[in-house]
Amino acid sequence: MIENCKNCGGKLVFSPKDKGNICENCRSIFPIQYNYNFKKKPFEENVELKVDNFARSLKNIKCNSCGANMMLNKFQTQATCPYCGSTTIEESSKKRLMYIDSIIPFSFGKAEALKRLKKEVAKKFYADKKIFKNVSENEIYGAYVNTFVFDFNTATRYSGVLSYTKNIKDREGNSKTITEHKNISGIFDKTYRNLTVEANSNLEQRDLLSVMPFEYGSAVDFQDDFMHGYLLEYEDKMFNDCVDYAMHFIEKDVERELLKKYQCDSVVHLSLHTDYLDKKYNYCLLPVYFISKVEKNKKYTVIMNGQTGKVGRLPKNKFRVFLTILLSLGILVGFVLLILFMTGNIS
C-alpha cells in the first residue's frame, strides 16, 4: 500500500475516475492494478479466525452518537460516521476482521453521487424533496460494507397436505363451498448464486437489498490501496450467523416456490428438509455511499450503490402520501355511490 504521495508527501485518496490514488496536494496520480477475480471457497476453508497483516494494521473506531463500529487504516486520522454524520468518534480496542477475498471498488466519486441522488429525488413523486434540496458533498460518506456472498446447490425433500376450496351446486341448484385436501411430496432442486448477506449490524439486510444488485464480475482481488479516503465496516456478525440467515432465506424461498407451483388456497401441513450439496462463499467488500441529512432536528440517511448508483429507500413526503390516500378514498366512495344509484338503492 502506498502510504503517502511519493512526490510531495501529501495525503492520498482513491479516485474511481482515475482508477488509482490521487494526491490531495499536488494531484499526482498513482494507478492501481485491477486484478479481476471473484472466486468462491468451500465452507471447509472458513478462515474466520485468520487475520492478515492488513487487519492487524487497522484501528477500530466507534461512533459515540449512534454506536456504529468502523475501521480506519493506519494513515487515516479522523472520520465522520456515515450513519449519522457525527464526528464524535473514539478508538476502540475491539477488533476482528476476516481475511478479505474480494472488493468491488467505487466506480464514481462524491460529486457524481450527489448528481445521481438529486436526479433520483427529482423523479420520485413521493420523495420528500425538501430534505435533500440543499444536500452537499460534505454530507456524503463512502464506506466499504463487508458481506458474505454465497453459492448453494440445494435439493429439498418435501411432503405435506394442501387444501383447496371450490364452489359447487347441489341437486337443488343451491351453491355451497367445499374443501378438498391433497397430499404432496417430492424433491425440489434449485441453485442459488451470489446470495449476499451483510455482516454488519449497523446496516440492515433490507437496506442492502434496496441497492442491489452489485456486478460481481467487476470484483477484484482485495488491495488496501482502494481504502484511501474510505471507511471500512467492522465485521461483527459471525460467519455461521450469516450462513444461518442465508439458509433461512432459502427455506422461505423454496416454500414460496412450492406454493406457487401447487396453487393451493391454504396449507394444512408442509415439511421441508433441504440438503446443501455444494456450499461456497466469498468474503467481499461492497462500495456504499451514505447520505446523511439533518432536517428539523431529525436525521435522515439514504444509501446508494457505489458501483451502479442505485439509490435505496427515500424519505416520503407525508403530505403527498396523505393526499393520495384521501383521493383514493374519494374515488372509492364515489364509485360505490354510483353503483348504488344505478341499482336504484339510492335516489
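Which residue in strand 10 does L162 stand opposite? The residue is K182. The structure is a predicted model, in which local features require pLDDT of at least 70 and side-chain atom pairs count only at pLDDT 80 or more, whereas totals for chains, interfaces and linings use all residues. Residues are numbered from 1 along each chain as its sequence is written, and side-chain values use heavy atoms, with hydrogens and water left out.

Strands are DSSP runs of E with at least two residues, numbered from the N terminus, and two strands pair if DSSP finds at least two bridges between them. Strand 9 (residues 140-169) pairs with strand 10 (residues 175-198) in the antiparallel sense over 22 bridges. Five residues lie between these strands in their hairpin, where G173 has a positive phi near 85°.

Strand 9 is also joined to strand 13, by 24 bridges in an antiparallel arrangement; within strand 13, L270 stands opposite G160. Strand 8 (residues 102-103) runs parallel to strand 13 and is joined to it by two bridges, S102 being partnered by C284. Eight bridges connect strand 13 with strand 14 (residues 298-305), again antiparallel, and S292 stands opposite T301. The hairpin of strands 13 and 14 has two residues between the strands, and K296 there adopts a positive phi near 55°.

L231 belongs to strand 12 (residues 231-233). L231 counts as buried because its relative accessibility is 7% (buried, under 20% relative accessible area; exposed, over 50%; partly exposed in between; 1.4 Å probe, protein chains only). The C-alpha atoms of L231 and G142 are 6.6 Å apart in space, with the two residues 89 residues apart in sequence.

Notes
Helices (H or I, at least four residues) and strands (E, at least two) are DSSP runs, numbered from the N terminus.
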